Amino acid sequence: MENRKHCLITGGSRGIGASTAYRFAQAGYKVTFFYRSDDESAQYTRQKIQELTYDVLAYKVDVRDLDAVSSAVKEAVDTFGPVDVLISNAGISKIELFTKTSPEEWNRIMDTNVGGLFNLVHTVLPSMISRHSGNIITVSSMWGVTGASCEVCYSTSKAAIIGFTKALAQEVGPSNIRVNCVAPGVIDTEMNAVLDDETRNALCEETPLCRLGTPEEVADTIFYLASDTSSFITGQVIGVNGGYIT
Ligand code: NDP
């Protein structure tokens with residue numbers, strides 16, 4: 001009898017999402033991941049996971065597109081069964097003064113980081129409720145907790161994810177569904193490739209553990225939140241930031 005669980009993660013082609021997809025595959029999960037455009041990274045991640053398991057699906061799905069999300073989720077569920085663990089990780093950022101932020105840029109970030117979360121959870125949650133079982137993990141940022149200068153839009157979107165997590169956890173707790181959030185600090189991924197060496201060094205100095213975090217460290221925290229080891233934890237925001245904020 002097949003009883004391996006199914007984990008679906010967005011933004012799984014690279015960075016934190018790719019490490020998380022790999023972490024769940026290592027633990028024996030069937031893994032579905034979504035990505036937006038980077039076919040090469042998606043192919044690389046899929047091949048790496050296939051060294052562990054053939055039960056991996058990759059879909060090129062923009063999380064802003066509800067219809068595309070719904071049809072990919074349906075295909076994944078038809079193949080691997082219902083989603084047991086849902087991880088909303090896809091996100092984008094932009095560093096610029098608020099006065100320079102155009103309405104188009106504001107909408108692009110909010111539609112991806114918050115709209116994408118809505119589309120994903122709205123699609124998957126009904127099945128979790130009817131099965132009286134499920135685990136949802138959202139990915140915010142420490143800037144969603146404290147706010148960051150020159151990242152007003154990003155900070156707003158990441159604060160919204162925290163509000164979403166806390167509210168949904170209360171709503172679906174009685175349905176035996178846990179909802180938690182990770183709020184990473186500065187993690188060494190392509191998202192931070194825009195930072196120059198001086199800024200990276202300054203960020204390391206401001207971090208009590210004196211370095212940037214790795215995607216694997218965030219993946220391990222997400223995995224913990226999805227596991228039975230954290231069975232009484234819901235509605236929480238777990239920082240993975242080397243002590244940058246406390
Ligand atoms: P990366 O930029 O390395 O990867 C982002 C991932 O999201 C990619 O897989 C990308 O797909 C996908 N993605 C972006 N937009 C969409 C979309 N519209 N639809 C579907 N997929 C999309 O980011 P990180 O791994 O660094 O970040 C992952 C998450 O962690 C984000 O939510 C980010 O805000 C958060 N975070 C990151 C921190 C960091 O320091 N790195 C710190 C705090 C939070 P594709 O490859 O095709 O573009």
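Buried residues, meaning those under 20% relative accessible area with a 1.4 Å probe and protein chains only as cover, make up 49% of the 246 residues in the chain. This is a predicted model, in which local features need pLDDT of at least 70 and side-chain atom pairs count only at pLDDT 80 or more, while totals for chains, interfaces and linings use all residues. Residues are numbered from 1 along each chain as its sequence is written, and side-chain values use heavy atoms, with hydrogens and water left out.

**Overall form**

The chain folds into eight helices and seven strands, where helices (H or I, at least four residues) and strands (E, at least two) are DSSP runs numbered from the N terminus. Because a compact globule of 246 residues would have a radius of gyration near 18 Å, the 17 Å of this chain agrees with that form; the radius is taken over C-alpha atoms, and the globule rule is 2.2 Å times the number of residues to the power 0.38. The C-alpha trace spans about 55 × 40 × 35 Å along its principal axes. Contact means heavy atoms within 4.5 Å, and among contacts between residues at least 6 apart in sequence, 74% join residues at least 24 apart.

**Nonpolar cores**

A nonpolar core is a set of buried Ala, Val, Leu, Ile, Met, Phe, Trp, Tyr and Cys residues joined through side-chain atoms within 4.5 Å. The largest one here has 27 residues, and those with the most contacts inside it are Phe34, Leu86, Leu125, Met128 and Ile136. At least two residues of this core come from each of strand E3 (56-60), helix H3 (66-80), helix H4 (103-131), helix H6 (152-172) and strand E6 (177-184), and H4 gives the most, with six residues. Apart from this core lies another, of 25 residues, which includes Ala21, Tyr29, Val85 and Ala226. In soluble globular proteins, nonpolar side chains tend to be buried together.

Not counting residues up to four places away in sequence, Ile136 touches Leu86, Val121, Leu125, Met128, Leu168, Ile177, Arg178, Val179 and Asn180. Ile137, placed in strand E5 (residues 134-139), counts as buried because its relative accessibility is 0%. Leaving aside neighbours within four places in sequence, Ile137 is in contact with Val85, Leu86, Ile87, Ser88, Asn180, Ile222, Leu225 and Ala226.

Thr45 is found in helix H2 (residues 39-50) and, at 6% relative accessibility, counts as buried. Beyond residues up to four places away in sequence, Thr45 touches Gly12, Ser13, Arg14, Ala18 and Phe33.

**Two loop residues with positive phi**

Most residues other than glycine have a negative phi. Cys150, in the loop between helix H5 (142-146) and H6, has a positive phi, and Asn176, in the loop between H6 and E6, also has a positive value. Partly exposed refers to relative accessible area between the buried limit of 20% and the exposed limit of 50%.

| Residue | Phi | Relative accessibility | Class |
|---|---|---|---|
| Cys150 | near 65° | 27% | partly exposed |
| Asn176 | near 65° | 46% | partly exposed |

**Surface and charge**

By the Shrake-Rupley method with a 1.4 Å probe, the chain exposes about 11,900 Å², of which carbon and sulfur atoms supply 52%. The chain has 20 positive and 29 negative side chains, and the centres of the two sets lie 4 Å apart. In this count Lys and Arg are positive and Asp and Glu negative, with His and the chain ends not counted, and each charge is placed at NZ of Lys, CZ of Arg, CG of Asp or CD of Glu.
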